[in-house]
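The model is a predicted one.

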Amino acid sequence: MRNTKSIKAYVTIIFLSISFISVGQNTPEEIVSKFFTEYQNDGASKALDNLYSNNKWMNRATDAITKLKQQLGTLNEDYVGKYYGYELIVEKRLSDSFILMSYLVKYDRQPIRFTFQFYKPDNEWRTHSFKYDGNIDEEIEESAKVYYLDLKK
């Protein structure tokens, strides 16, 4: 009976250890969720720093990240109004190791699209790129053009 309790205890410890190890692996969805929480609570600069903290290669692009922080920082209440949250527009998987996720970010004045790309070269996801733009209204208008419609019915 004592052996059975010991075995159960060891199995439980091993199971919990495996669970804690897997918690350390951030999925793209978790990375994006953390980004938007920090973006709302702490601002664009901190959110971008943490977004790229999983990619050691971004140390070589400090000027580009600084410029991106400044540009993203201009999306404030004076310019685009109140921030209301975000919604997934599309997720595209090139493979099990490369994902693009595009989000509609809702501001009072207009929607802005945030696009994230994630790459997993080995075991961990890293942020490959981030960009934003306000051209989503033009694209949806373009998609409604007659030449995109299936008129052969």
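## Nonpolar core

The largest nonpolar core holds 28 residues. F35, Y39, F114, F116 and F130 have the most contacts inside it. Several elements each supply at least two residues of this core: helix 2 (28-42), helix 3 (44-52), helix 4 (62-73), strand 2 (98-107) and strand 3 (111-119). In soluble globular proteins, nonpolar side chains tend to be buried together.

Y39 shows how the core is joined up. Leaving aside residues up to four places away in sequence, Y39 touches A44, A47, L72, L75, Y83, Y107 and F114. F114 is itself one of the core residues with the most contacts.

Four strands form an open sheet in the order 1-2-3-4. The pairing is antiparallel. Strand 1 (83-95) and strand 4 (126-133) are the edge strands. Each has a single partner strand, so one side of each is left without a neighbour in the sheet. From one strand to the next, the twist averages 20 degrees.

Strand 3 and strand 4 are joined by seven bridges in the antiparallel sense. R113 has D133, in strand 4, as its bridge partner.

## Helices on the sheet

Helix 2 lies across strand 1, strand 2, strand 3 and strand 4. Helix 2 runs at about 140 degrees to strand 3.

Helix 4 also packs on the sheet, where it touches strand 3 and strand 4. The direction of helix 4 makes about 40 degrees with that of strand 4. Both helix 2 and helix 4 supply at least two residues of the core.

Notes
Residues numbered from 1 in each chain as written. Predicted model: local features only at pLDDT ≥ 70, side-chain atom pairs only at ≥ 80, totals over all residues. Heavy atoms only, no water. Core = buried A, V, L, I, M, F, W, Y, C linked by side-chain atoms within 4.5 Å. Buried < 20%, exposed > 50% of the residue type's maximum accessible area, 1.4 Å probe, protein only. Contact = heavy atoms within 4.5 Å. Pairing = 2+ DSSP bridges. Axes fitted to C-alpha atoms, helices over the stretch in contact; angles between N-to-C directions.
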